[in-house]
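Visitor: I'd like to learn how to read a protein model, one feature at a time. Could you walk me through one?

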Amino acid sequence: MTNQNNVPYISCLDLFKIYKAQDLEVVALRGLDLEVMAGEMVAIVGASGSGKSTFLNILAGYDKPSAGEIRVGERNLLHITAKEAEDYRLRNVGFVWQQTARNLVPYLTALENVELPMILAGRKAKYRIERSKELLEAVGLSHRLNHKPNQLSGGEQQRVAIAIALSNEPELLLADEPTGELDSETANEILDIFKSLRDTYQTTIIIVTHDEAVATRVDRVVIVRDGRASAEIVSLPDFRRPGVESNNK
Ligand code: ADP
Ligand code: MG
């Protein structure tokens with residue numbers, strides 16, 4: 001993991017994404033600049049259609065930008081092959097979707113759901129079970145190990161989803177509107193879990209949301225408008241960006 005002084009872990013420069021659908025072109029990202037330090041917890045806030053999911057999908061290696069630069073650690077995501085992207089998604093990135101159902105396999109228990117990515121990564125059974133239990137405990141679900149998704153509340157399902165996303169010890173955790181289907185109290189609990197996981201595992205976390213209330217629960221909020229970063233809110237002192245003295249950017 002890159003964590004030397006001022007070297008950002010994520011670096012995006014003048015990022016463009018243009019979708020072409022039939023005769024139409026949609027510019028989803030238009031010159032997005034963003035740097036994120038290792039271990040930072042950042043919220044990307046913006047109205048619907050501002051390009052948040054587009055950006056997160058590019059960061060996760062699901063999609064490629066049309067122009068600009070994007071690096072995550074040592075990786076240049078503009079030039080990554082399909083095979084490298086697959087490996088990156090399995091081992092380096094965890095992803096939590098808004099739709100709770102999309103995160104979980106319905107016929108598997110919470111424990112088995114968390115084990116699944118580790119099976120794909122070739123981990124041994126003993127390790128898988130120990131780590132799954134540890135992660136489910138970290139998200140406050142040690143009493144729900146053998147429950148299936150339909151026996152869990154929406155908030156509990158998202159907790160399992162976060163444990164799944166962390167199963168292969170990713171450096172980077174991405175969440176697209178992870179609290180979008182939850183009431184505000186449950187949403188705040190989930191955000192606090194993200195923060196405690198960041199503190200435990202030093203994972204870099206990026207949460208996309210249209211809810212500005214998230215601001216008090218992350219290190220920094222980046223406001224995105226029309227496909228580019230338009231403002232920032234930095235909260236100190238929980239996390240100090242190396243080399244940054246004040247809130248001014
Ligand atoms: P947000 O997540 O902030 O709501 P999105 O990144 O989903 O925004 O979308 C940004 C813009 O790009 C929107 O205008 C959307 O309609 C468009 N868009 C997103 N995905 C596609 C796609 N696969 N094909 C065409 N246009 C798309
Ligand atoms: Mg979206």
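Predicted model: local features only at pLDDT ≥ 70, side-chain atom pairs only at ≥ 80, totals over all residues.

Visitor: Fine, overall fold to start with. How many helices and strands are there in the chain?

Guide: The chain has seven helices and ten strands. Its C-alpha atoms fill a box of roughly 45 × 45 × 35 Å along the principal axes.

Visitor: What does the radius of gyration say about the chain?

Guide: You hold it against the value for a compact globule. With 249 residues that value would be near 18 Å, and the chain has 18 Å, so the two agree. As for cover, buried residues make up 50% of the 249 residues.

Visitor: Which residues of α1 are buried?

Guide: Helix α1 spans residues 52-59 and is mostly covered, with seven of its eight residues buried. Those are K52, T54, F55, L56, N57, I58 and L59. After α1 comes G61, with a positive phi near 80°.

Visitor: Then how should I read a positive phi in general?

Guide: Most residues other than glycine have a negative phi. Q22 sits in the loop between β1 and β2. E177 is another non-glycine residue with a positive phi, about 50°, and its place is the loop between β7 and α7.

Visitor: Are Q22 and E177 buried or exposed?

Guide: Q22 counts as exposed because its relative accessibility is 81%. E177 has 11%, so it counts as buried.

Visitor: On to charges. What's the idea behind a salt bridge?

Guide: Side chains of opposite charge can pair when their charged atoms come close. In this model the count comes to 13 salt bridges. Take R91 and D87, whose side chains meet at 3.0 Å, N to O. Both residues lie in helix α2, four residues apart, about one turn of the helix. R91 is partly exposed, with a relative accessible area of 38%, and D87 is partly exposed at 30%.

Visitor: Which residue does K126 meet in a salt bridge?

Guide: K126 meets E130, at 3.4 Å from N to O. Helix α5 holds both residues, four residues apart, about one turn of the helix. K126 is exposed at 63% relative accessibility, while E130 is partly exposed at 49%.

Visitor: And where do D192 and R217 lie?

Guide: Their salt bridge has its closest N and O atoms 2.9 Å apart. This pair links distant parts of the chain: D192 is in helix α7 and R217 in the loop between β8 and β9, 25 residues apart. D192 is partly exposed at 38% relative accessibility, and R217 is partly exposed at 24%. There is also a network of salt bridges that links E40, R220 and E232.

Visitor: What about charges outside such pairs? Which residues form the negative surface patch?

Guide: A patch gathers like charges on residues that have no salt bridge. Here D14, D33, E35 and E69 form a negative one. Among them, D14 is found in strand β1 and is partly exposed at 42% relative accessibility.

Key:
Residues numbered from 1 in each chain as written. Chains lettered and ligands numbered in written order. Heavy atoms only, no water. Patch = residues over 30% accessible without salt bridge, like charges linked within 9 Å, V, L, I, M, F, W, Y side chains within 5 Å. Areas by Shrake-Rupley, 256 points an atom, 1.4 Å probe, with all protein chains shown as cover. Salt bridge = Lys/Arg side-chain N within 4 Å of Asp/Glu carboxyl O. Lys, Arg positive; Asp, Glu negative; His and termini not counted. Charge placed at Lys NZ, Arg CZ, Asp CG, Glu CD. Helix = DSSP H or I, 4+ residues; strand = E, 2+ residues; numbered from the N terminus. Buried < 20%, exposed > 50% of the residue type's maximum accessible area, 1.4 Å probe, protein only. Rg over C-alpha atoms; globule rule 2.2 N^0.38 Å.
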